[in-house]
Amino acid sequence: RNSSGNDFDIVGENMYIDWSKTSGTLEIGTDLSDDSFDYLIPMFDSINTLCNELGPYSLGFRQDISYSEELWTDILIFANDCGGNYDIKFIYSELHNTTGETTSKIKPIKNIDFLNSNANDLYPTFYRTYLYYHENWAIEASKVEKILFCSDRDGTFDLYSVNVPSDSTLISTLQSKTQYEVSKININSE
């Protein structure tokens, strides 16, 4: 929506970031000729409301079901203020490939209850050292150790973390009604 900078929606674009350690140059752009992620456009479009949507973070992972069958799961976590304050939510899609046939299904938006409070909870991200494997642009979802986010639940915005249980899938953790322990991250900025 054209809001002159007052209302915020999430827009999905196939972009690239290229940083050269040698020359110190940074290049950011979009590649309109690459349509390999076009199946995600309906997922990005479905999260926008008349409210504000902020802080998208996405990740994808692949599961080999059999020799001729694989499942790609793409998760998008974000926050919106439809409830008055910002709450963290997620949506995901499954792209199922079998020999000669591909189907895509978008699952409904859900709150991530254990991250949300009566205050503003924003900018969620998944964390683990060396989480991404750049050769295949996917992660091992079982390697996610924490969810990091910011919140003003104590009156000012601070960073928080929640440990992701290792005995559960990432999707089932995000859907869980369990109240995992939320810890404030202490960062010495002096």
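Tutor: Let us start with a term: two cysteine sulfur atoms within 2.5 Å of each other make a disulfide. The structure above is a predicted model, and we can read its features one at a time.

Student: How many disulfides does the structure hold?

Tutor: The structure holds one. This disulfide joins C51 to C82, with an S to S distance of 2.3 Å. That value falls within the 2.5 Å cut-off, so the pair counts.

Student: Which parts of the chain do C51 and C82 tie together?

Tutor: C51 sits in the loop between α1 (41–46) and β3 (53–66), while C82 sits in the loop between β4 (69–80) and β5 (87–98), so the bond ties together parts that are 31 residues apart in sequence. There is also a handedness to read: the torsion about the S-S bond of C51 and C82 is about 120°, so this disulfide is right-handed.

Student: Let me step back to the whole chain. How many helices and strands are there?

Tutor: The protein chain has two helices and 13 strands. Of its 190 residues, 36% are buried.

Student: What can I read from the contacts in the protein chain?

Tutor: Here we look at how far apart two touching residues are in sequence. Among contacts with a separation of 6 or more, 52% are between residues 24 or more positions apart.

Student: Which residues form the nonpolar patch on the surface?

Tutor: The patch is made of M15, I17, W19, L26 and I28, and together they have about 590 Å² of accessible area. Two strands, β1 (15–19) and β2 (26–30), each supply at least two of its residues. β1 gives the most, with three residues.

Student: Now for N85. Is this residue buried or exposed?

Tutor: N85 counts as buried, at 15% relative accessibility. Look for N85 in the loop between β4 and β5.

Student: What does N85 touch?

Tutor: Leaving out residues up to four places away in sequence, N85 touches N80, S117, N118, A119 and N120. For two of these neighbours we can read a distance to a polar atom of the N85 side chain. The backbone oxygen of A119 lies 2.3 Å from such an atom, and the backbone oxygen of S117 lies 3.5 Å from one.

Student: Why can charged side chains pair?

Tutor: Side chains of opposite charge can pair when their charged atoms come close. For a salt bridge, the cut-off is 4 Å between a side-chain nitrogen of Lys or Arg and a carboxyl oxygen of Asp or Glu. By this rule the count here is six.

Student: Which residue forms a salt bridge with D113, and where is it?

Tutor: The partner is K177, with the closest N and O atoms 2.6 Å apart. This pair links distant parts of the chain: D113 is in the loop between β7 (110–111) and β8 (121–127), and K177 is in the loop between α2 (170–175) and β13 (182–184), 64 residues apart. D113 counts as partly exposed at 26% relative accessibility, whereas K177 is exposed at 63%.

Student: What about the salt bridge of R153 and D121?

Tutor: Their side chains meet at 2.8 Å, N to O. R153 lies in the loop between β11 (146–151) and β12 (158–163) and D121 in strand β8, so to speak linking distant parts of the chain that are 32 residues apart. D121 is buried, with a relative accessible area of 0%, and R153 is partly exposed, with 26%.

Student: Which residues are linked in a network of salt bridges?

Tutor: D154, D158 and K184. K184 is in strand β13 and D158 in strand β12, 26 residues apart. Both ends are partly exposed: K184 has a relative accessible area of 37% and D158 has 25%.

Key
Residues are numbered from 1 along each chain as its sequence is written. This is a predicted model: local features need pLDDT of at least 70, side-chain atom pairs count only at pLDDT 80 or more; totals for chains, interfaces and linings use all residues. Side-chain values use heavy atoms; hydrogens and water are left out. Helices (H or I, at least four residues) and strands (E, at least two) are DSSP runs, numbered from the N terminus. Buried means under 20% relative accessible area, exposed over 50%, partly exposed in between (1.4 Å probe, protein chains only). Contact means heavy atoms within 4.5 Å. Patches are made of residues with over 30% relative accessible area and no salt bridge: like charges are joined within 9 Å, nonpolar side chains (Val, Leu, Ile, Met, Phe, Trp, Tyr) within 5 Å. Accessible areas come from the Shrake-Rupley method with a 1.4 Å probe; for residues, only the protein chains shown count as cover. A polar contact is a pair of N or O atoms within 3.5 Å; within protein, one must be able to donate a hydrogen and the other to accept it, and residues adjacent in sequence count only if both atoms are side-chain atoms.
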